[in-house]
Amino acid sequence: MNEVPDNLMRETVTLYARAARMLDPMRLQVWEELGINFPQLRILFRVRSHPGIDLRTLAEQIGISASGASQQVDKLVARGFLMRQDDPDDRRRLSLELTERGQQATGEISRATRTFVESALSVLTPDELADFHRLLGRVLASAGKALTPSPSPRPARGCPGSGE
């Protein structure tokens, strides 16, 4: 692999971080309109990706304590974003599902994000977009390899609104 000049790497990292942060104000506006905080948002999208997930698995996957996850789930259930269902195979286990309102909320956030990113990428030519797609795919694959999950994740501290 070729040696990358330090200043080029530093400037590229800065640009990448700035690009990622550009989504925050738009996302925060949608979250605020829905009355959802960041830990709740993470829960909604995890349940969206894993319908029927149980509370313990959810807590482990998002890196918060079971009690912290339970508190946030209780709020989402009370506000109509999630529902709990008894597991027919294990009466002690409750599975989580998005309600119609939860599906609408996650869909709205995804659509708003997609629209914003599509608008930002519209300045690229088809060839530039293909190059960007290829390069971003390589970056994400590399980042995915770097993020090896530990056997037992420790609860994340300091998440806004998590009470931790």
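# Questions on a predicted model

Student: Where is the place of Glu128?

Tutor: Glu128 has its place in helix H7, a helix here being a DSSP run of H or I with at least four residues and a strand a run of E with at least two, numbered from the N terminus. This is a predicted model, in which local features need pLDDT of at least 70 and side-chain atom pairs count only at pLDDT 80 or more, while totals for chains, interfaces and linings use all residues. Residues are numbered from 1 along each chain as its sequence is written, and side-chain values use heavy atoms, with hydrogens and water left out.

Student: Why does Glu128 count as partly exposed?

Tutor: The relative accessibility of Glu128 is 39%. Buried means under 20% relative accessible area, exposed over 50%, and partly exposed in between (1.4 Å probe, protein chains only). Glu128 therefore counts as partly exposed.

Student: What makes the approach of the Glu128 side chain to the backbone nitrogen of Thr125 a polar contact?

Tutor: A polar atom of the Glu128 side chain lies 2.8 Å from the backbone nitrogen of Thr125. A polar contact is a pair of N or O atoms within 3.5 Å; within protein, one must be able to donate a hydrogen and the other to accept it, and residues adjacent in sequence count only if both atoms are side-chain atoms.

Student: Why does Thr113 count as buried, and which helix holds Thr113?

Tutor: Thr113 belongs to helix H6, residues 100–121. Its relative accessibility is 13%, so Thr113 counts as buried. A polar atom of the Thr113 side chain lies 2.9 Å from the backbone oxygen of Ile109.

Student: Which residues is Thr113 in contact with, leaving aside its neighbours within four places in sequence?

Tutor: Thr113 is in contact with Leu23, Met26 and Arg27, where contact means heavy atoms within 4.5 Å.

Student: Why is Ile53 called buried?

Tutor: Ile53 has a relative accessible area of 6%, and is therefore buried. Ile53 lies in the loop between helix H3 (38–49) and helix H4 (55–62). Not counting residues up to four places away in sequence, Ile53 touches Arg46, Val47, Leu58, Gln61, Arg93, Leu94, Ser95 and Leu96. Between the C-alpha atoms of Ile53 and Arg93, 40 residues apart along the chain, the separation is 9.7 Å.

Student: Why is Thr99 called buried?

Tutor: Thr99 is buried because its relative accessible area is 15%. Its place is in the loop between strand E2 (90–98) and H6. When residues up to four places away in sequence are not counted, Thr99 touches Gly80, Phe81, Leu82 and Met83.

Student: Why is Phe45 called partly exposed?

Tutor: Phe45 has a relative accessible area of 23%, so Phe45 is partly exposed. Helix H3 is where Phe45 is found. Phe45 touches Thr106, Ile109 and Ser110, not counting residues up to four places away in sequence.

Student: How many aromatic pairs does a search of the whole structure find?

Tutor: The search finds 1 aromatic pair. Trp31 and Phe38 form this pair, at 5.8 Å centre to centre and with 40 degrees between the planes.

Student: What makes the pair of Trp31 and Phe38 tilted?

Tutor: Rings of Phe, Tyr and Trp (its six-membered ring) pair if their centres lie within 6.5 Å; planes under 30 degrees apart count as stacked, over 60 as edge-to-face and the rest as tilted. With 40 degrees between the planes, the pair of Trp31 and Phe38 is tilted. Trp31 counts as buried because its relative accessibility is 10%, whereas Phe38, at 34%, counts as partly exposed.

Student: How many helices and strands are there in the chain?

Tutor: The chain has 7 helices and 2 strands. From the N terminus on, the elements run α-α-α-α-α-β-β-α-α. Of the 164 residues of the chain, 25% count as buried. Of the contacts in the chain with a separation of 6 or more, 56% are between residues 24 or more positions apart.
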